[in-house]
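Reader: I'm new to this one and would like to learn how to read it. Could you take me through it feature by feature?

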Amino acid sequence: MASPNSDGAPFVTIDESRATTRPASINPALLGLAALFALIILAQGISAPFQKDAEPQSAEWIQSIVRDGNWLIPRDAYGFIDRKPPLFYWLSATAAKLSGGTVDEVRARVVSLAAGTALAVCVLAWTAANIGALEGWLAFAFLLGTYGFASRATEALTDMLLTLLLFAAYCAIYPLLDTPSKFRTSPHKIILVGVILGLGVLTKGPVALVLCALSALIYLILTRRNPLPLIRESWPWQLLAVSIAFGAIWYVPAALTGGQKILRIIFAENFGHFMPTKLGGTGESYRPFYFIAARLLGGAFPMTLLIVPAALAFYTGEISTEKRNAVIYQISMPLAVLIFFTIASVKRDDYILPALPGIAILCASIFNLNGLRGTASKLRDVLVALFLFCPVVAILFVAFFPDHPPLVKLQSSDAAYYTLLKSLVREGPVAPLFDVWLVAVVIEILALRRRNAMAHGLAFALTALPLCLLWTTTMRPGLAVMRSVKSFVQIVAEHVKDNQLCIPSGINYELSYYYGAAVPDLSDSRCANIVAGKPIYLLATPRELNAVSPEYRARLKLVAQSNLIGGGGPPALYEISPEAAR
C-alpha cells in the first residue's frame, strides 16, 4: 500500500498496464554481444592525438617500459619517475609489446578501452542479477550514453582501470554485508575480492581501499545498521590483509630501489593529495570545495536529470522494498566519492569516474517502479520529455542560422566546438545519429500516450547515446586535431633537423612525446650555447612570448607558423639569433 499524504490521498497510484521485472541472470552470449556493442561505442575517437600533458606523460612512461625495460619505476622523457603504482602501465606496455612494440595513441589507450567495456558489462550483469533485467540494460545504455564515462574510455590514464577494479570488488562485497556471518562464503572468495582490491591498489594506491570501505560504511548508515559488529568479524580484516599484501608487490621493491625519493613521492600521492597544505599536503590543483559536486553533476549528464526523481522515488515508496537495498548500496559509492574528494586537498575532474556506475544504476531503477505512478514517476516523465525535445531548438538554430554568432560568449574550446557543430550539420555526417534521435522521439510520444515507463527509459537512452557519440566520434577528435601539436611537430622536425629545439619555460610533455625527446627551456645551458653554424630554435605561443623581454623577442626570426588553437594562441617556430641566445 502507498502511504497517504497530508490530504489523505496516496502518493502513488497503481498502473496495472506496466509490467515489472525481477532480478535475473543474463545469458553469457547476450553479455558477449553487449561487450561487443560497448567496445564499438567506446572505441570511437581512440586514435585522436594527445592534448596537454597528462596523456603524453603516461605514454612516455609506457615507452620507458617498452623501450628501456623500466618495469619497476618507469621514467618520462624528462627523467621524472612514475608517481603512481604501475599496473596500468604494465598492462599497456604488454599490449604494446604484443602488437609491435610501438606506443601510439591507440596502444596507450587500449587498457582504458578494455576496462570501460568490461565495466559496462559488469554494470549490466550486476543490475540484472540484483534489481531487474530491464533495469540492467537501461543502466548499461545510460552509462555508455554518458560523455563523462565514454570519453574516459579513450584516455591513457589510470582512472578507468581503477573504476573497473573498484566496482568489481565492491559488488563482490555486497553479499558479504547482507548475509549472516554463519552463512557467508568460503575464504576463497574473500581472497579473490582481496586480490581485486590489491590490483586497485597497484593501479592508484590505497584510495581504492578507502573508497570501498567508506562506501560500505555509508550503506550501513543509510540502511540503519550498526557498523561496529562488522568490525569485530574476521572477513573484513582478512580482505584488507590480502589487498595490502598484493599491493606490496610493487610498493616494497619500489621503496627499496628508489629510496627516500620514491618514499616522498608515495607519501605525496597517497596522503599529500588528501591532507591540507598546513598538515603536509601538496597544495596542488586547488579547487573550491564545491568543485567535485559541480563536476559530478556535469560529468554524469544527462543522468543528472534523473537524480531528483530517483531520490523522490525513495520518499514516495515507488522503489520496492526488495530492490531498495541494492539501489542504496550502489548509490553509496557516488556519495563516498563526493564526500572523500570534496574533503581532499587536491580535486581533479577524473576523480568523479568511480561514481558514474552507481548513478547509472540509480537512474535506471526509476524506470520500473512496480506499476506505481506517483510524483517521482510524473517528474521523471516530464524531464525525459524535455531532454528529448530540447535538441530540436539547437538543431533548428544551427540549421537555419548557420552564420549567426552564438547568443553567449564562448571560450576558445567552446567556440571551436560550435564551429565544428556547424560544419557537421552543413556536411551531414550526423544524419544516422539524427535518425536514431527521431526514433527516440517516436518512442517517447508513444510512452507518453501509454504511460509506459520502460519506453520512457528506452527513449532516454536512445537520445543520450547519439548525443554522446556526436562528441566522441567527431567533436572531441576534431578539437584534438585543432589543438594538438602532433601535425605541427612534423614541420618543426623538418626545420630543426639535428639542431637544438627549446621552449620558453617549464615542461611540455605533449611536445616531447611527438618530438621524440625532451625539449629543454631557455634556462637550460643547451639553449644558451651557440656553436658555429648550429642554430637554436624556439617553439612558443604568443602568450609565452609575452613573458619574454622585448629585446629577446626582437631577435627571433619566424620560421614556421601553425594554425592550431588554444588558450595561449597558435604556436610558432622561431630561430634564435646568437645575440638572443647568449
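Reader: Let's start with the open sheet of four strands: what order do the strands have, and what kind of pairing?

Author: The general idea is that strands of a sheet pair through backbone hydrogen bonds, either parallel or antiparallel. Here, and keep in mind that this is a predicted model, the order is β3-β4-β6-β5, and the pairing is mixed.

Reader: Which strands stand at the edges?

Author: Those are β3 (500-502) and β5 (556-561). Each has a single partner strand, so one side of each is left without a neighbour in the sheet. Going from one strand to the next, the twist averages 30°.

Reader: In what sense do β5 and β6 pair, and over how many bridges?

Author: β5 and β6 (residues 572-576) run in the antiparallel sense, with five bridges. If you want a spot to look at, find Leu558, which stands opposite Tyr574 in β6.

Reader: Let me step back for a moment. How many helices and strands does the protein have?

Author: There are 25 helices and six strands. The protein has 582 residues, and buried ones make up 49% of them. Now take the contacts with a separation of 6 or more: 77% of them come from residues 24 or more positions apart.

Reader: Now for the disulfides. How many does the structure hold, and which residues does a disulfide join?

Author: A disulfide is a covalent bond between the sulfur atoms of two cysteines. This structure holds one. It joins Cys502 to Cys527, with 2.0 Å from S to S. The angle about the S-S bond is -110°, and the link of Cys502 and Cys527 is left-handed.

Reader: Where do Cys502 and Cys527 lie in the chain?

Author: Cys502 is in strand β3, while Cys527 is in the loop between α22 and β4 (536-540). They are 25 residues apart, and the pair links distant parts of the chain. Both Cys502 and Cys527 are buried.

Reader: Next, the rings. How many aromatic pairs does the structure hold?

Author: It holds 20. To read a pair, look at the ring centres and at the angle between the planes. Take Tyr78 and Tyr509: their centres are 5.4 Å apart and their planes are at 85°, so this pair is edge-to-face. Tyr78 sits in the loop between α2 (54-68) and α3 (87-98), Tyr509 sits in helix α22 (residues 509-515), and 431 residues separate them. Tyr509 is buried, at a relative accessible area of 8%.

Reader: Are the rings of Tyr170 and Tyr329 stacked or edge-to-face?

Author: They are stacked, because their planes are at 5°, with the centres 4.0 Å apart. This pair also links distant parts of the chain: Tyr170 belongs to helix α7 (residues 159-178), and Tyr329 to helix α14 (residues 321-343). Tyr170 is buried at 1% relative accessible area, and Tyr329 is buried at 0%.

Reader: What does Phe149 touch, not counting residues up to four places away in sequence?

Author: Phe149 touches Leu42, Gly116, Leu119, Leu143, Leu144, Met160, Leu353 and Leu356.

Conventions: Residues numbered from 1 in each chain as written. Predicted model: local features only at pLDDT ≥ 70, side-chain atom pairs only at ≥ 80, totals over all residues. Heavy atoms only, no water. Phe/Tyr/Trp six-rings, centres within 6.5 Å; stacked < 30°, edge-to-face > 60°. Helix = DSSP H or I, 4+ residues; strand = E, 2+ residues; numbered from the N terminus. Buried < 20%, exposed > 50% of the residue type's maximum accessible area, 1.4 Å probe, protein only. Pairing = 2+ DSSP bridges. Axes fitted to C-alpha atoms, helices over the stretch in contact; angles between N-to-C directions. Contact = heavy atoms within 4.5 Å. Disulfide = S-S within 2.5 Å.
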